[in-house]
Amino acid sequence: MSKRKIYWALQILGWTTLIMYEFVLYTLEYGFDLSNLYSSLANILLGITLTHLYRLVIRRWNWSTLPLPRLALRVGFSVLLLGLIMTIVNLPLDRKILEENLMNQPFVFWNYYAGWCKNLLAWILSYTVYHYVEQNRLTDFEKIMLKTSMREAEAKVLRSQLNPHFTFNALNSIRALVYEDPSKAQISITQLSNILRNSLLADRRKTVDLQEELKTVEDYLELEKVRYEERLKYTITSNPQAVYWQVPPMMLQTLVENGIKHGVSKEMNGGFLEVTSDIEEDVLIIRIRNTGNLGGTDSGGVGLKNTAERLSILYGKGASFRIFQEKEGVVCSEVRIPTLSDQMQLLQVD
């Protein structure tokens with residue numbers, strides 16, 4: 001049943017039950033009175049009308065978004081006003097009862113007025129509290145959705161910043177091969193197209209399989225081998241159980257590019273780059289070790305900052321990234337990503 005149908009069902013049932021209960025009590029005490037029956041039916045219609053008008057007012061001016069003190073003041077005023085209207089309308093209808101009790105109850109008007117205010121207060125408080133809680137729940141949900149969309153937009157921006165980094169050097173390497181080794185040039189073009197395709201898809205996917213990311217890294221390193229030849233030596237090793245682990249697309253390629261740019265390329269005799277991935281205590285650990293030194297370099301560039309931010313956006317505190325000097329002449333970049341089940345929980349929370 002929709003909320004609208006539930007609302008009207010409760011309206012009709014609530015006011016009918018309340019007024020007819022009072023009618024039955026009056027009938028048991030004073031006997032059946034047809035005019036009192038008509039009065040009771042009129043009160044049912046009047047109660048529904050007045051409280052529905054209150055509902056329209058509270059929704060029209062968004063009272064549920066007000067601070068509690070201001071909301072309580074408006075609720076109190078509404079109860080007094082609606083109670084006064086009900087009292088004024090019912091005074092002529094219930095004059096017989098008032099006249100019979102006037103001598104015994106000097107403050108009969110105020111008692112009569114207080115009775116209607118009490119009945120209205122129960123309805124108004126119930127509806128206002130429900131609407132207040134519902135509004136806060138919707139507001140929290142909207143904040144979560146806004147935060148999610150902002151995080152997704154930020155992630156797309158970060159991914160788009162990674163796409164062009166490798167392109168220019170690869171094109172220069174392929175150009176040098178066109179006349180020297182056409183077959184090798186064809187292979188390099190295929191490798192570059194694979195990287196470009198994956199970089200374009202990165203804007204559409206939050207994560208990819210580790211094995212797909214490692215294939216992109218291998219294509220990139222093969223292109224760099226054309227450029228550096230024997231000055232670059234690399235190895236890629238992975239735990240077979242980790243190949244389907246979900247990682248951010250183009251993340252490892254960026255770290256590998258950083259290792260070559262700020263490490264291997266600065267050494268006269270070149271150097272090595274080693275990519276390893278393993279699982280330790282249900283956490284995927286990817287390490288990229290390369291020749292180089294952190295001191296006196298600009299290795300803390302946009303790519304590394306983006307890596308940390310992307311991990312934070314996707315996994316929150318469940319993932320981490322750091323780059324450190326492992327030993328003299330060797331720099332290590334380390335990424336830690338939670339288990340597949342933990343990833344799903346984190347993505348659902350986000």
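The sections below cover salt bridges, aromatic pairs, backbone angles and a charged patch in this predicted model.

## Salt bridges

The structure contains 9 salt bridges. One of them joins E334 to R287, with 2.9 Å between the closest N and O atoms. Because E334 sits in strand β7 (residues 330-337) and R287 in strand β5, this pair ties together parts that are 47 residues apart in sequence. E334 counts as buried because its relative accessibility is 4%, under the 20% limit. R287 is partly exposed, with a relative accessible area of 24%.

E334 also forms a salt bridge with R336, where the closest N and O atoms are 3.2 Å apart. R336 counts as partly exposed at 28% relative accessibility. E334, R287 and R336 belong to a network of salt bridges that also includes E280 and R322.

A further salt bridge is formed by R289 and E326, with the closest N and O atoms 2.7 Å apart. This pair links distant parts of the chain, since R289 is in strand β5 and E326 in strand β6 (residues 320-327), 37 residues apart. R289 is buried, with a relative accessible area of 16%, whereas E326 counts as partly exposed at 34% relative accessibility.

## Aromatic pairs

The count of aromatic pairs is 5. Among them is the pair of F23 and F32, which is edge-to-face, with 6.2 Å centre to centre and 85° between the planes. F23 counts as buried at 9% relative accessibility, while F32 counts as exposed at 56%.

Ring pairs also link Y7, W8, Y54, W123 and Y127 into a cluster.

## Positive phi angles

M250 is not a glycine, yet has a positive phi of about 65°. M250 lies in the loop between β3 (246-247) and α9 (251-262). At 2% relative accessibility, M250 counts as buried.

D282, also a residue other than glycine, has a positive phi near 60°. D282 is found in the loop between β4 (271-280) and β5 (283-291). In contrast to M250, which counts as buried, D282 is exposed, with a relative accessible area of 54%.

## Negative surface patch

Which residues form a negative surface patch? The patch is made up of E180, D181, E229 and E230. E230 is located in the loop between α8 (210-228) and β2 (232-238). The relative accessibility of E230 is 61%, so E230 counts as exposed.

Definitions and conventions:
Residues numbered from 1 in each chain as written. Predicted model: local features only at pLDDT ≥ 70, side-chain atom pairs only at ≥ 80, totals over all residues. Heavy atoms only, no water. Patch = residues over 30% accessible without salt bridge, like charges linked within 9 Å, V, L, I, M, F, W, Y side chains within 5 Å. Areas by Shrake-Rupley, 256 points an atom, 1.4 Å probe, with all protein chains shown as cover. Salt bridge = Lys/Arg side-chain N within 4 Å of Asp/Glu carboxyl O. Lys, Arg positive; Asp, Glu negative; His and termini not counted. Charge placed at Lys NZ, Arg CZ, Asp CG, Glu CD. Helix = DSSP H or I, 4+ residues; strand = E, 2+ residues; numbered from the N terminus. Buried < 20%, exposed > 50% of the residue type's maximum accessible area, 1.4 Å probe, protein only. Phe/Tyr/Trp six-rings, centres within 6.5 Å; stacked < 30°, edge-to-face > 60°.
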